Amino acid sequence: MFWQASLYLAHQAPWFWPLVGALLGGVLGSFFACAAHRLPRGLSLRQPPSHCPKCKTILQPPDLIPIFSYLFLKARCRHCQAPIPPQTLAIELATTATGAILAYVVVKALLG
Ligand SMILES: [Zn+2]
């Protein structure tokens with residue numbers, strides 16, 4: 001059932017799975033950017049939740065949307081205007097594109 005629905009979607013809406021791959025890639029990229037900031041500093045990946053390293057404000061959902069939050073906030077913290085490193089955007093863009101391409105390739109391979 002799920003497999004048939006997936007194939008039906010791949011045929012009827014060829015953009016669907018690459019979009020899903022892009023969204024998952026973006027979320028993964030956001031995590032990677034967080035890890036790239038925290039791990040070298042010996043900080044936990046679990047606690048505290050996503051926050052501004054300067055003003056310590058816990059980020060709310062609108063500030064956590066990969067790529068878009070960076071662009072809408074013009075690379076600055078909403079609360080203290082501290083700059084957000086451009087590596088964050090680069091990582092999120094790279095993983096979003098990788099997710100979309102990977103999903104496209106996998107669907108193409110499965111459909112022949
Ligand atoms: Zn801040």
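**Contacts and core**

Biologist: Leaving aside neighbours within four places in sequence, which residues is A22 in contact with?
Modeller: A caution comes with the answer: this is a predicted model. Contact here takes C-beta atoms within 7 Å. With neighbours within four places in sequence left out, the contacts of A22 are T96, G99 and A100.

Biologist: Which residues make up the largest nonpolar core?
Modeller: This core has six residues in all. A22 and A100 are among them. The complete set is A10, W17, A22, A100, A103 and V107.

Biologist: Which helix supplies the largest share of this core?
Modeller: At least two core residues come from α2 (16-38), and at least two from α4 (86-111). The largest share is three residues, and its source is α4.

**Whole chain**

Biologist: How many helices and how many strands are there in the protein chain?
Modeller: From the N terminus on, the elements run α-α-α-α. The count is therefore of DSSP runs, helices needing at least four residues and strands at least two. The protein chain has four helices and zero strands.

Biologist: What radius of gyration does the protein chain have?
Modeller: The C-alpha trace spans about 50 × 30 × 25 Å along its principal axes. A compact globule of 112 residues would be near 13 Å in radius of gyration. The protein chain has 17 Å.

Biologist: What percentage of the 112 residues is buried?
Modeller: A residue is buried if 20 or more other C-beta atoms lie within 10 Å of its own. In the protein chain, the buried share is 20%.

Methods. Residues are numbered from 1 along each chain as its sequence is written. This is a predicted model: local features need pLDDT of at least 70, side-chain atom pairs count only at pLDDT 80 or more; totals for chains, interfaces and linings use all residues. A nonpolar core is a set of buried Ala, Val, Leu, Ile, Met, Phe, Trp, Tyr and Cys residues joined through C-beta atoms within 7 Å. A residue is buried if 20 or more other C-beta atoms lie within 10 Å of its own, exposed if 12 or fewer, and partly exposed in between; C-beta atoms are placed from the backbone. Two residues are in contact if their C-beta atoms, placed from the backbone, lie within 7 Å. The radius of gyration is taken over C-alpha atoms; the globule rule is 2.2 Å times the number of residues to the power 0.38.
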